[in-house]
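Open the model in your viewer and keep the selection tool ready. The stops below are taken one after another.

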Amino acid sequence: MSLPWHLYIMALLYIMAGLNHFRIPRTYLKIIPPYLPNPKLLNQLSGAAEVILGLLLVLPNMTNYAAWGIIILLLAVFPANLFMFQNQKASFGIPKWILLLRLPLQIILIGWAYQYTFN
């Protein structure tokens, strides 16, 4: 079975984003809400999950599981996106309206992943 080209794009995006958790951890640590324990570990776990799930997306027998994993991951990291919108220091100076638009982007990304849960 041949996988669609956009699945490879999705996989690449998650792999690259996951690797960035290790390349530039300060960026991710800054947006983890202070009420969550052990930000360094959370950053490493979410980065590793993105890389692993991105790799699994392109394995035909694992695509379905990886897509569900990505949906769960997107829900799990939503508090960081919300914190980034709410907290001036975590916003990196990005205009508030862009950060607000970023929040529903999670729904779009979940929808993109969901279309691969039927394999």
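**Stop 1: the largest pocket**

The lining of the largest pocket has 21 nonpolar, 6 polar and 2 charged residues. In this count, Ala, Val, Leu, Ile, Met, Phe, Trp, Tyr, Cys and Pro are nonpolar, Asp, Glu, Lys and Arg are charged, and the others, Gly among them, are polar. The model is predicted: local features need pLDDT of at least 70 and side-chain atom pairs count only at pLDDT 80 or more, while totals for chains, interfaces and linings use all residues. Residues are numbered from 1 along each chain as its sequence is written, and side-chain values use heavy atoms, with hydrogens and water left out.

The space in the largest pocket comes to about 790 Å³. To find its centre, select His21, Tyr28, Glu50, Val77 and Asn81, the closest to it of the 29 lining residues. A pocket here is an open set of points on a 1 Å grid over the protein atoms alone, with protein on both sides within 12 Å along at least five of seven lines; a cavity is a set where a 1.4 Å probe fits but cannot get out, and lining residues have an atom within 4 Å of a point. Grid points are joined across faces, edges and corners, and the volume is the space filled by probe spheres set on the points.

Next, colour by helix (DSSP runs of H or I, at least four residues, numbered from the N terminus). At least two lining residues come from each of helix 1 (5-23), helix 2 (25-31), helix 3 (39-57), helix 4 (63-86) and helix 5. Which helix gives the most to the lining of the largest pocket? Helix 4 does, with 7 residues.

**Stop 2: the nonpolar patch**

Select Phe92, Ile94, Trp97, Ile98 and Leu101, which make a nonpolar surface patch of about 490 Å². Patch members have over 30% relative accessible area and no salt bridge; nonpolar side chains (Val, Leu, Ile, Met, Phe, Trp, Tyr) are joined within 5 Å, like charges within 9 Å. A salt bridge is a side-chain nitrogen of Lys or Arg within 4 Å of a carboxyl oxygen of Asp or Glu. Areas come from the Shrake-Rupley method with a 1.4 Å probe, and for residues only the protein chains shown count as cover.

Leu101 sits in helix 5 (residues 96-114). Is Leu101 buried or exposed? Leu101 counts as exposed because its relative accessibility is 54%; the cut-offs are under 20% for buried and over 50% for exposed, with partly exposed in between.

**Stop 3: two positive phi angles**

Stay with Phe92, in the loop between helix 4 and helix 5. Phi of Phe92 is near 60 degrees, a positive value in a residue other than glycine. Phe92 is partly exposed at 36% relative accessibility.

Then go to Asn38, in the loop between helix 2 and helix 3. Asn38 is also not glycine and has a positive phi, near 50 degrees. With a relative accessible area of 45%, Asn38 is partly exposed.

**Stop 4**

- Ile72 is in helix 4 and is exposed at 57% relative accessibility. Its C-alpha atom is separated by 8.8 Å from that of Ile110, 38 residues apart along the chain.
- Asn64 is also in helix 4, but is buried at 16% relative accessibility.
- Ile31 belongs to helix 2 and is buried at 10% relative accessibility. Ile31 and Asn20 are 11 residues apart in sequence and 14 Å apart in space, C-alpha to C-alpha.

How values were computed
Buried means under 20% relative accessible area, exposed over 50%, partly exposed in between (1.4 Å probe, protein chains only).
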